Amino acid sequence: MRKKIVAGNWKMNNDLQESLKLFSEVANMVKDEVSNDAEIIVSAPFTNIYALDQWKNGSDIHDKIKLSGQNCCWEESGAYTGEVSAKMLKSIGAEYVIIGHSERRQYFAETNALLAKKVDLALKHELIPIFCIGETLQEREKNIHLDLIKNQLQEGLFHLIKSVVKTVVIAYEPVWAIGTGLTATPEQAQEIHAFIRQLIVEGYDEETANEVSILYGGSCNPSNAASLFSQKDIDGGLIGGASLKSRDFTDIIKTFNS
Ligand SMILES: O=C[C@H](O)COP(=O)(O)O
């Protein structure tokens with residue numbers, strides 16, 4: 001059965017002290033207020049993951065919040081100045097890694113073929129990829145968004161065998177909704193999530209499709225999370241801006257209580 005997941009993507013925000021403060025606030029709120037079994041993930045900047053893992057291990061929340069990287073290199077190791085490998089991430093406590101976020105695709109020209117290599121290395125080092133897909137406004141207006149999403153999955157993820165693909169998390173993030181306040185309506189998001197699940201059925205089978213968690217991302221906040229997460233094929237969220245405020249992030253997690 002697929003997991004319910006709320007993942008916070010801090011992006012390039014929070015220095016070390018700010019990260020420790022926010023993480024401990026979230027951890028304490030989660031401990032006191034969250035009674036559901038949603039998987040909670042914080043995707044912090046590389047530089048702060050080790051310290052957050054140390055803090056976590058010294059606290060009583062241990063496994064309640066998992067750590068994630070926001071990217072990893074497409075190569076195992078070597079002369080790639082500025083890059084961080086999947087193995088390095090695993091060694092400092094990360095259990096997940098975001099791959100193919102639209103900001104990486106846009107600002108770093110990451111292609112589906114490159115992302116497929118990252119997925120393979122993440123899995124090799126026992127990191128669960130959170131594989132991001134989604135269309136721009138122009139692509140939606142041109143009505144090519146379904147083909148685009150299909151390509152992103154076929155080229156970036158569907159090379160995996162069935163037993164492996166079912167362990168991966170997919171995040172559907174319409175680019176036009178990221179950081180804009182323009183959330184997809186629950187119906188718009190559900191339509192695409194159902195389409196994604198159907199593609200998994202076609203590429204693999206129904207059982208596999210039912211195992212894969214598909215998250216929604218794009219201006220998700222405490223006011224709209226419940227209506228989004230109540231959709232049949234939406235298994236949680238990848239949260240940007242609202243994950244930078246402990247109260248908002250915890251309130252989003254708590255929507256799985258209701
Ligand atoms: O990874 C998170 C997404 O880019 C969503 O960001 P946002 O919640 O700030 O729109």
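Is Glu-173 buried or exposed? Glu-173 counts as buried, because 26 C-beta neighbours lie inside 10 Å. The term works like this: 20 or more other C-beta atoms within 10 Å of a residue's own make it buried, 12 or fewer make it exposed, and anything in between is partly exposed, with C-beta atoms placed from the backbone.

1. Before the details, some ground rules. This is a predicted model, where local features need pLDDT of at least 70, side-chain atom pairs count only at pLDDT 80 or more, and totals for chains, interfaces and linings use all residues. Residues are numbered from 1 along each chain as its sequence is written.

2. On confidence: the chain averages a pLDDT of 96, and 99% of the residues score at least 70. That score is the predictor's confidence in each residue, from 0 to 100. For the complex, the predictor gives an ipTM of 0.99 and a pTM of 0.97.

3. Now the overall build. The chain has 12 helices and 8 strands, taken as DSSP runs (H or I, at least four residues, for helices; E, at least two, for strands) and numbered from the N terminus. A compact globule of 258 residues would have a radius of gyration near 18 Å, and the chain's 17 Å agrees with that. The radius is taken over C-alpha atoms, and the globule rule is 2.2 Å times the number of residues to the power 0.38. Buried residues make up 44% of the chain's 258 residues.

4. Back to Glu-173, which sits in the loop between strand 6 (169–172) and helix 9 (186–203). Beyond residues up to four places away in sequence, Glu-173 touches Ser-102, Cys-132, Gly-134, Ile-178, Gly-217, Gly-218 and Leu-238. Touching, or contact, asks for C-beta atoms, placed from the backbone, within 7 Å.

5. An unreviewed UniProt entry lists His-101 and Glu-173 under "active site". His-101 lies in the loop between strand 4 (94–99) and helix 4 (102–107), and is buried, with 28 other C-beta atoms within 10 Å. Leaving out residues up to four places away in sequence, His-101 touches Gln-70 and Cys-132.

6. What about the ligand? Of the 14 residues around the ligand, Asn-9, Ile-178, Gly-217, Gly-240 and Gly-241 come nearest; being near means a C-beta atom, placed from the backbone, within 6 Å. The shell divides into 5 nonpolar, 8 polar and 1 charged. Here Ala, Val, Leu, Ile, Met, Phe, Trp, Tyr, Cys and Pro count as nonpolar, Asp, Glu, Lys and Arg as charged, and the others, Gly among them, as polar.

7. The unreviewed UniProt entry also has a "binding site" feature, at Asn-9, Trp-10, Lys-11, Gly-179, Ser-219, Gly-240 and Gly-241. These span 233 residues in sequence, yet no two of their C-alpha atoms are more than 14.0 Å apart, so they gather at one spot. Gly-240 is in the loop between strand 8 (236–239) and helix 12 (246–254).

How values were computed: UniProt positions are given in the numbering used here, feature names are shortened, and annotations may be inferred rather than shown by experiment. Two residues are in contact if their C-beta atoms, placed from the backbone, lie within 7 Å.
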